[in-house]
Amino acid sequence: MKIITKNELETKAFAKKLAGLLEPGTTILLEGQLGAGKTTFTKGIADGLGIQRIIKSPTYTLIKEYTDGVLPLYHMDLYRLEDAEDEDLGLDEYFYGDGISIVEWGSFMEEDLPNEYLSVHFKVLNNSDKRELLIQAKGKRYEKIMERLENE
Ligand SMILES: Nc1ncnc2c1ncn2[C@@H]1O[C@H](COP(=O)(O)OP(=O)(O)OP(=O)(O)O)[C@@H](O)[C@H]1O
Ligand SMILES: [Mg+2]
């Protein structure tokens, strides 16, 4: 599934809609260059979950937990792992827990990611505010979520 958003608000609105379709223990991988809109998208998800706290990219910690919404949100940004050692981060506890895990820069830690997930690839279109979002599902559960998303 592919959509184009014209500005930050449209990206947030789309993410908010998706948030309503998520269940405990689901994972979303966000891919795309610096400034593509991954954290912006995460803010939309948080809004959809009723989280009031302000979402900031976890710069000094790899993971931030938001537990004031209808489901816990685990926001991971693995960017700083680029040249990191392969220590066990214990991420499974989050992925297979009772919340929604959102991962920025998961490509830096591919071995530790779940086998099934929804992924969103962000592409900046001609240096503008336009973004192309390519959404892909891996696994039955996520195919169902995407089907429902397409039908909305
Ligand atoms: N259509 C759009 N969707 C999302 N963000 C947009 C859009 N148009 C413009 N922007 C702007 O692009 C920037 C996206 O920044 P954001 O922090 O979300 O990127 P990121 O992908 O998380 O980057 P990083 O890899 O550095 O964490 C914001 O300043 C936002 O306002
Ligand atoms: Mg970010």
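Buried means under 20% relative accessible area, exposed over 50%, and partly exposed in between (1.4 Å probe, protein chains only). In a regular strand the side chains alternate between the two faces of the sheet.

This is a predicted model: local features need pLDDT of at least 70, side-chain atom pairs count only at pLDDT 80 or more, and totals for chains, interfaces and linings use all residues. Residues are numbered from 1 along each chain as its sequence is written, chains are lettered from A and ligands numbered from 1 in the order in which they are written, and side-chain values use heavy atoms, with hydrogens and water left out.

E4 covers residues 73-77, and five of its five residues are buried. Helices (H or I, at least four residues) and strands (E, at least two) are DSSP runs, numbered from the N terminus. Two strands pair if DSSP finds at least two bridges between them.

| Pair | Bridges | Direction |
|---|---|---|
| E3 (residues 63-66) and E4 | four bridges | antiparallel |
| E4 and E5 | five bridges | parallel |

A hairpin of six residues joins E3 to E4. Lys64 has His75 of E4 as its bridge partner. Met76 has Val103 of E5.

**Magnesium site.** Thr39 (OG1) and Glu104 (OE) coordinate the magnesium ion (ligand 2) at 2.1 to 2.2 Å. Thr39 lies in helix H2 (residues 38-48) and Glu104 in strand E5 (residues 100-104), so the pair ties together parts that are 65 residues apart in sequence. Donors are N, O and S atoms within 2.8 Å of the metal (3.2 Å for Na, K and Ca); water is not among the atoms, so sites may look incomplete. Thr39 counts as buried at 18% relative accessibility. Glu104 counts as buried at 4%.

**Largest pocket.** About 310 Å³ of space lies in the largest pocket. A pocket is an open set of points on a 1 Å grid over the protein atoms alone, where a 1.4 Å probe fits, with protein on both sides within 12 Å along at least five of seven lines; lining residues have an atom within 4 Å of a point. The lining has 20 residues, of which Gly35, Ala36, Gly37, Lys38 and Thr39 lie nearest the centre of the pocket. Helix H1 (8-19) and H2 are the elements that give two or more residues to this lining. H2 gives the most, with three residues.

Technical notes:
Grid points are joined across faces, edges and corners, and a volume is the space filled by probe spheres set on the points.
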